[in-house]
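Here is a short report on salt bridges. The structure comes first, then the terms and the pairs.

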Amino acid sequence: DALKQDEKLLALEAARKNYESDRQLQTLVIEYEVQQRAMQKEAVDPNCDTHMIDMIQNRINELYEAITTNETYLALEKAQEEVNALMNKINGIITARITGQEPGCTHNCATCGGCH
């Protein structure tokens, strides 16, 4: 329950809501998915039109660039990375408690960052 109130998890939830409510971004994401399906369909067609495939691929690339440089998308990505880092830290602590071994311990104190 305390973890639910962590600022990183709260920031992730806020970023997710912003992502879902960003109509312009959602339009790009939907079109990206449609273009991906069109590409898959065209690629398996034995009579495929290579010019059409090039056009679809170019549009996919444009959409990908627009999505991955969008501020709302970047904020969600950053928030997710921070939560992932937190969860990795928590999993390391749990593992250390179960095994008695600190995360990343090589048993060679020359490589140690200082677990003691």
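## Terms and basis

Buried means under 20% relative accessible area, exposed means over 50%, and partly exposed lies in between (1.4 Å probe, protein chains only). A salt bridge is a side-chain nitrogen of Lys or Arg within 4 Å of a carboxyl oxygen of Asp or Glu. Helices (H or I, at least four residues) are DSSP runs, numbered from the N terminus.

This is a predicted model: local features need pLDDT of at least 70, side-chain atom pairs count only at pLDDT 80 or more, and totals for chains, interfaces and linings use all residues. Residues are numbered from 1 along each chain as its sequence is written, and side-chain values use heavy atoms, with hydrogens and water left out.

The whole structure holds five salt bridges. Among them is glutamate 31 with arginine 59, with the closest N and O atoms 2.8 Å apart. Glutamate 31 sits in helix 2 (residues 23-44) and arginine 59 in helix 3 (residues 50-68), so the pair ties together parts 28 residues apart in sequence.

Arginine 59 also forms a salt bridge with glutamate 62, at 3.0 Å between the closest N and O atoms. These two are three residues apart in helix 3, about one helical turn.

## A pair in helix 4

Lysine 78 and glutamate 82 meet in a salt bridge, 3.6 Å from N to O. They are four residues apart in helix 4 (residues 71-99), about one helical turn. Lysine 78 is exposed at 52%. Glutamate 82 is partly exposed at 32%.
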